Amino acid sequence: MKYIGIIPARYGSSRFPGKPLAMLGGRTVIERVYCQARKVLEDVVVATDDERIYNEVKRFGGNAEMTSANHRSGTDRCWEAYRKHGMKADVIINIQGDEPFVQPEQLTALMKCFDSADTDIATLIKPYDKGVKYEVIADPNCVKCVAAADGRALYFSRSVIPYLRGVEKDEWSSERKYYKHLGVYAYRAEVLAEITDMEQSPLEKAESLEQLRWIENGKVIRTAVTDIETVGIDTPEDLRNAEFFLTMINKKTDKI
């Protein structure tokens, strides 16, 4: 199978404008994401709507494609960049441009999901720590996932799922395993073309989660479980946390 990694990277952000160009340990965030992806993938492309990001990618020797500023999601931006780039692949991996600590093992786990012929889309989920307080799981900004025994995603929600009847809420994570969804996706090329052409679905509109549109339209989303914590960057405070996280990593392993 041939894989290509595409990194959607917008300049505009209500909470942190220009975050792909923010400096993290002497390199821009987008360069760090790109370099992490290249540890696994031979072909990586940044999909951006801003010439400043495009020029930065070219500066460090990466591949980039200019895309429309009107896309409703990173998925749509991925599809445009894939078509413009002109390189044929069986699977397209969507790596978020604000995840500078995405690990090779996580990308490899996504790729292995396509060993199952029925996999249309793959994504990552991470278990919450056992005994964590209910309020941590209940954060609506952290999307939860329930999956079948074979890893097929059954549902994603901003609510805590499943509900444990007759159990005190702060005991829920001690009674069963809960999973947080990490927004890294991989799609078969023909499936990506199809899902970007779908109308928004009722569940998607209710929860503001595009993956529910795919499930409602019968697509098989296979999950891969990772125990690796990622540090996404949505705010300047997140960047400060990422600097600390990077310092800790560099003390334990080779620099990234």
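The largest pocket holds about 1800 Å³ of space. The model is a predicted one: local features need pLDDT of at least 70, side-chain atom pairs count only at pLDDT 80 or more, and totals for chains, interfaces and linings use all residues. Residues are numbered from 1 along each chain as its sequence is written, and side-chain values use heavy atoms, with hydrogens and water left out.

A pocket is defined on a 1 Å grid over the protein atoms alone, as an open set of points where a 1.4 Å probe fits, with protein on both sides within 12 Å along at least five of seven lines. Grid points are joined across faces, edges and corners, and the volume is the space filled by probe spheres set on the points.

The lining of the largest pocket comprises 47 residues (those with an atom within 4 Å of a point). R15, Q96, D98, G183 and D234 lie nearest the pocket centre. Two or more lining residues come from each of β1 (3–9), α3 (74–85), β10 (179–188) and α9. Helices (H or I, at least four residues) and strands (E, at least two) are DSSP runs, numbered from the N terminus. Strand β10 contributes the most, with six residues. By class, the lining has 13 nonpolar, 19 polar and 15 charged residues. Ala, Val, Leu, Ile, Met, Phe, Trp, Tyr, Cys and Pro count as nonpolar; Asp, Glu, Lys and Arg count as charged; the others, Gly among them, count as polar.

Across the whole structure, 13 salt bridges were found (a side-chain nitrogen of Lys or Arg within 4 Å of a carboxyl oxygen of Asp or Glu). K19, D98 and D234 are linked in a network of such bridges. D98 and D234 are also among the residues nearest the centre of the largest pocket.

E31 and R59 form a salt bridge with an N to O distance of 3.3 Å. E31 lies in helix α1 (residues 29–38) and R59 in helix α2 (residues 51–59), so the pair ties together parts 28 residues apart in sequence. E31 is buried at 12% relative accessible area, whereas R59 is exposed at 55%. Buried means under 20%, exposed over 50% and partly exposed in between, with a 1.4 Å probe and protein chains only.

K219 pairs with E194, the closest N and O atoms being 2.8 Å apart. K219 sits in the loop between α9 (210–216) and β11 (221–225), and E194 in helix α7 (residues 189–195), 25 residues apart. K219 is buried at 15%; E194 is partly exposed at 38%.

R52 bridges to D50 at 2.9 Å between the closest N and O atoms. R52 is partly exposed at 46%, while D50 is buried at 11%.
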